[in-house]
Amino acid sequence: MSYTLPEFFAHAIALENEAAERYLELADMMEAHRNDEVSTLFRDMVRFSQMHRDEIKARVGAIQLPELRSWQYRWRSSPEAGGEEAFDYTLDAHTALRYARANEVRAMEYYQRVAKESTDKEVVRLALEFASEEEGHVAALDKWLERTKRPSATWASDPGT
Ligand code: ZN
């Protein structure tokens with residue numbers, strides 16, 4: 001769909017809010033697992049999402065934003081989560097990172113699609129800018145995935161205390 005600038009801002013703010021909420025949950029979960037490194041990463045992602053949202057809000061200024069009726073962008077629930085909206089607290093770091101990455105890819109693809117389908121030049125410009133930010137998040141998570149053990153490896157190296 002082609003977005004007007006106010007529509008685009010409303011969606012981008014909702015997307016960043018959603019990301020901040022999910023990263024906060026993931027950060028809490030990793031803390032419960034005593035995985036401080038990954039917890040810190042997720043808390044950084046919370047901050048980045050909030051900062052990005054605030055930057056967007058600053059650009060909005062006095063523009064009246066529409067209410068979203070067809071907001072489609074929600075993080076998909078993790079494959080391990082039994083119900084809606086809740087993560088399984090046994091989620092390991094590797095799975096959590098893969099899950100976050102999948103959602104960052106969706107956010108990137110979302111902005112790319114908006115850039116392709118919108119006719120408003122400013123929307124296209126911003127959507128491309130935001131898409132490349134999301135691409136950066138995907139790359140950052142890839143780096144973390146490279147150095148995070150898969151669950152089986154974690155169990156294998158567990159001294160059995
Ligand atoms: Zn992102």
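This is a predicted model: local features need pLDDT of at least 70, side-chain atom pairs count only at pLDDT 80 or more; totals for chains, interfaces and linings use all residues.
Q: Does Trp75 count as buried or exposed?
A: The general idea is to count neighbours: a residue is buried if 20 or more other C-beta atoms lie within 10 Å of its own, exposed if 12 or fewer, and partly exposed in between, with C-beta atoms placed from the backbone. Trp75 counts as buried because it has 21 C-beta neighbours inside 10 Å. Of the 161 residues of the protein chain, 28% count as buried.

Q: Which residues is Trp75 in contact with, leaving aside its neighbours within four places in sequence?
A: Two residues are in contact if their C-beta atoms, placed from the backbone, lie within 7 Å. For Trp75, the partners are Glu18, Arg22 and Asn103. Glu18 is 57 residues from Trp75 in sequence, yet their C-alpha atoms are 7.2 Å apart in space.

Q: How many helices and strands are there in the protein chain?
A: The chain has five helices and zero strands, so reading from the N terminus gives α-α-α-α-α.

Q: What should helix 1 span, at 1.5 Å a residue?
A: The expected span of a helix is 1.5 Å times one less than its number of residues. Helix 1 has 28 residues and should span 40 Å, which agrees with the 41 Å between its end C-alpha atoms. Helix 3 (residues 93-117) can be read in this way too: its 25 residues should span 36 Å, and its end C-alpha atoms are 36 Å apart.

Q: At what angle do the axes of helix 1 and helix 4 cross?
A: Axes are lines fitted to C-alpha atoms, for helices over the stretch in contact, and angles run from 0 to 180 degrees between N-to-C directions. Helix 1 (residues 5-32) and helix 4 (residues 121-146) have axes that come within 9 Å and cross at roughly 20°. That makes helix 1 roughly parallel to helix 4 (angles under 35 degrees count as roughly parallel, over 145 as roughly antiparallel, 65 to 115 as roughly perpendicular and the rest as oblique).

Q: Which residues of helix 1 and helix 4 meet?
A: From helix 1, Leu5, Phe8 and Ala12 meet Glu122, Val123, Leu126, Ala127 and Phe130 of helix 4.

Q: Where is Arg34 found, and what is its phi?
A: Arg34 is in the loop between helix 1 and helix 2, and its phi is near 60°, a positive value in a residue other than glycine. Arg34 counts as exposed, with 7 C-beta neighbours inside 10 Å.

Q: What does Leu145 touch, not counting residues up to four places away in sequence?
A: Leu145, which lies in helix 4, touches His94, Leu97, Arg98 and Arg101. Leu145 is partly exposed, with 15 other C-beta atoms within 10 Å.

Q: Which are the buried residues of helix 3, and what covers them?
A: Among them are Ala93, Leu97, Asn103 and Tyr111. Their cover includes helix 1, helix 2 (36-60) and helix 4.

Technical notes
Residues are numbered from 1 along each chain as its sequence is written. Helices (H or I, at least four residues) and strands (E, at least two) are DSSP runs, numbered from the N terminus.
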